[in-house]
Amino acid sequence: MTAWDEAELRRIGAATELRISSRRPDGTLRPAVTIWHAAVGDALYVRSAHGPENGWFRRAVRSGTGRVTAGGVSKDVTFRLADGAVASEVDAALHAKYDRYGPGPVGAITGTDAAATTLLVTPV
């Protein structure tokens, strides 16, 4: 597992939105989707606001690779389901970052149901 460059992770983490793309079997990138994200410690996490059946989430899990862009940083990455032990830390980071948008949007990416869709995003 490759670690994030501290400055890049800080820039990505500070950005409000992240553009995420998964790779097709032929290696090309799918169109990017804009989502919310959180940096926790030295790691980057994303979640599906519409559960595990959301298209971008299913494709990211299936391919395991893609690209993220935020804060002026664009990186090829891997996606893997996160360890459930980080769920409360990711929830707290998402609340701290996005509560200003109200309980509906934040509620879609926090809590027990959303935690099951937490992906660890790691640079290649």
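Okay, so the protein chain has five helices and seven strands, where helices (H or I, at least four residues) and strands (E, at least two) are DSSP runs numbered from the N terminus. Before I go on: this is a predicted model, with local features needing pLDDT of at least 70, side-chain atom pairs counting only at pLDDT 80 or more, and totals for chains, interfaces and linings using all residues. Residues are numbered from 1 along each chain as its sequence is written, and side-chain values use heavy atoms, with hydrogens and water left out.

Reading from the N terminus, the order of elements is α-β-β-β-β-α-β-β-α-α-α-β. The radius of gyration is 13 Å, close to the 14 Å from the globule rule for 124 residues, so the chain is as compact as a globular protein of that length. For the record, that radius is taken over C-alpha atoms, and the rule is 2.2 Å times the number of residues to the power 0.38. The C-alpha trace spans about 40 × 35 × 25 Å along its principal axes.

On to burial. Of the 124 residues, 43% are buried, and buried means under 20% relative accessible area, with exposed over 50% and partly exposed in between (1.4 Å probe, protein chains only). As for contacts (heavy atoms within 4.5 Å), take those between residues at least 6 apart in sequence: 66% of them join residues at least 24 apart.

Now helix 2, which runs 55–63. Its buried residues include Gly-55, Trp-56, Phe-57 and Ala-60. What do the buried residues of helix 2 pack against? Strands, namely strand 1 (18–22), strand 2 (33–35), strand 4, strand 5 (65–70), strand 6 (73–81) and strand 7 (119–123). Just after the helix, Gly-64 has a positive phi of about 75°.

Next, the residue I wanted to show you. Arg-47 sits in the loop between strand 4 (43–46) and helix 2. Is Arg-47 buried or exposed? Buried, because its relative accessibility is 3%. And what does its side chain find in there? A polar atom of that side chain lies 2.8 Å from the backbone oxygen of Ile-109, and the backbone oxygen of Ala-87 is 3.3 Å from a polar atom of the Arg-47 side chain. Leaving out residues up to four places away in sequence, Arg-47 also touches Trp-56 of helix 2, and its other contacts include Val-90, Asp-91, Leu-94, Thr-110 and Thr-118.

Definitions and conventions: Polar contact = N/O pair within 3.5 Å; in protein donor to acceptor, adjacent residues only side chain to side chain.
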